Amino acid sequence: MKRFLINTLLVAIGVCLVDVAAGFALDYLWTAIPNTQDIGKARYAREQVNTDIVIVGSSRAAHHYDAKRMADSLKTTVYNVGLDGCFFLDNMCVMHTLLQRYAPRTILLEIAQNALTCESVEHLEGLYLYYWKDDYTKQIIDREEGWSSRFKLCSNLYRYNANSFKTIGYGIRGLMQGQAGDPLNGYVPNEYVKKRKELVLKEVGSGKSKLSTWKSSLLDDMLAEASRRGVKVIVITSPVFNAPKEIVYEPAEEIARLCREHGFEYWDYSSEGSFLEHPEWFSDNTHLNRIGAERYTDIILDRLGKGE
């Protein structure tokens with residue numbers, strides 16, 4: 001029995017040492033990942049971006065806003081930190097970090113109309129690395145995943161679990177090649193123009209989606225913080241190839257209400273007629289392709305140039 005306990009203790013110590021060593025190695029590689037790679041872009045958004053205009057959002061932000069074109073047209077600095085799979089809660093964490101670190105002139109927050117619904121489920125694995133580094137992120141994860149996360153995320157390997165292979169591969173590449181500049185300022189063109197099948201307008205939004213008061217409070221607090229810091233926030237829903245809704249359901253109305261309350265604007269292009277007439281501008285029902293992004297960026301530039 002005594003031998004068993006000693007062996008168990010030794011195994012536990014060994015596991016802890018491996019976890020600590022792996023954590024140090026992965027942390028080192030993490031800092032070397034170029035910001036042109038997805039997980040490197042997530043770190044860049046939190047720790048380094050310092051442009052006058054910042055575009056925040058999911059893959060729809062990454063694919064829909066040509067930041068380089070915007071920078072050239074507006075004669076200012078613009079960066080697109082939109083990232084695939086990073087939705088409302090992830091975006092709130094990014095905005096919180098941005099506002100704590102510096103005050104950009106303008107933040108364009110790409111948001112889905114259903115972002116504030118109770119039904120929208122978000123995967124937060126990409127936030128695990130910041131669980132012990134950022135109290136705001138920690139509170140988000142605890143609220144969504146429960147207190148069990150506190151114990152699981154004590155493990156370095158668990159925190160890197162979803163991104164461990166990417167961290168190793170991209171980190172080694174970054175160490176060998178160095179940090180190269182991003183010629184497109186974070187914009188990721190969607191080159192998929194030819195569709196496998198003809199896009200069909202989808203009926204979405206029954207008008208019965210339940211508003212999440214917690215998510216609403218997060219957006220409320222974030223807009224209030226931006227206002228205090230003198231940062232202009234424009235909340236935007238870019239085009240989708242879905243049938244126009246006859247009923248504007250409660251969560252979408254809440255987005256507009258919060259923007260008005262804090263003196264900001266909500267630009268809703270979700271059912272923009274000119275885009276519904278051009279399915280060839282989409283790669284699927286929710287993402288514009290490169291051609292569509294060019295048209296859409298022109299619309300945004302026109303409004304920004306007019307100072308709306």
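Reader: Why are α2 and α5 called oblique to each other?

Author: In this predicted model, the axes of helix α2 (residues 38-47) and helix α5 (residues 88-101) cross at roughly 40°. Angles under 35 degrees count as roughly parallel and those from 65 to 115 as roughly perpendicular, with the rest, apart from those over 145, counted as oblique, and therefore α2 and α5 are oblique to each other.

Reader: How do you know that α2 and α5 meet, and which residues are involved?

Author: The two axes, that of α2 and that of α5, come within 7 Å, and Tyr44, Ala45, Arg46 and Glu47 in α2 meet Cys93, Val94, Thr97, Leu98 and Arg101 in α5. A contact here is a pair of heavy atoms within 4.5 Å.

Reader: What makes isoleucine 6 count as partly exposed?

Author: Isoleucine 6, which has its place in helix α1 (residues 2-30), has 43% relative accessibility. Because buried means under 20% and exposed means over 50%, with partly exposed in between, isoleucine 6 counts as partly exposed.

Reader: What makes up the nonpolar surface patch of about 490 Å²?

Author: This patch is made by Ile6, Leu9, Leu10, Ile13 and Leu17. Patch residues need over 30% relative accessible area, and the value for isoleucine 6 is 43%.

Reader: How many of the residues of the protein count as buried, and how much area does the protein expose?

Author: Of its 308 residues, 51% count as buried, the cut-off being under 20% relative accessible area. The protein exposes about 15,300 Å², and carbon and sulfur atoms supply 56% of that area.

Terms used. Residues numbered from 1 in each chain as written. Predicted model: local features only at pLDDT ≥ 70, side-chain atom pairs only at ≥ 80, totals over all residues. Heavy atoms only, no water. Patch = residues over 30% accessible without salt bridge, like charges linked within 9 Å, V, L, I, M, F, W, Y side chains within 5 Å. Areas by Shrake-Rupley, 256 points an atom, 1.4 Å probe, with all protein chains shown as cover. Salt bridge = Lys/Arg side-chain N within 4 Å of Asp/Glu carboxyl O. Helix = DSSP H or I, 4+ residues; strand = E, 2+ residues; numbered from the N terminus. Buried < 20%, exposed > 50% of the residue type's maximum accessible area, 1.4 Å probe, protein only. Axes fitted to C-alpha atoms, helices over the stretch in contact; angles between N-to-C directions.
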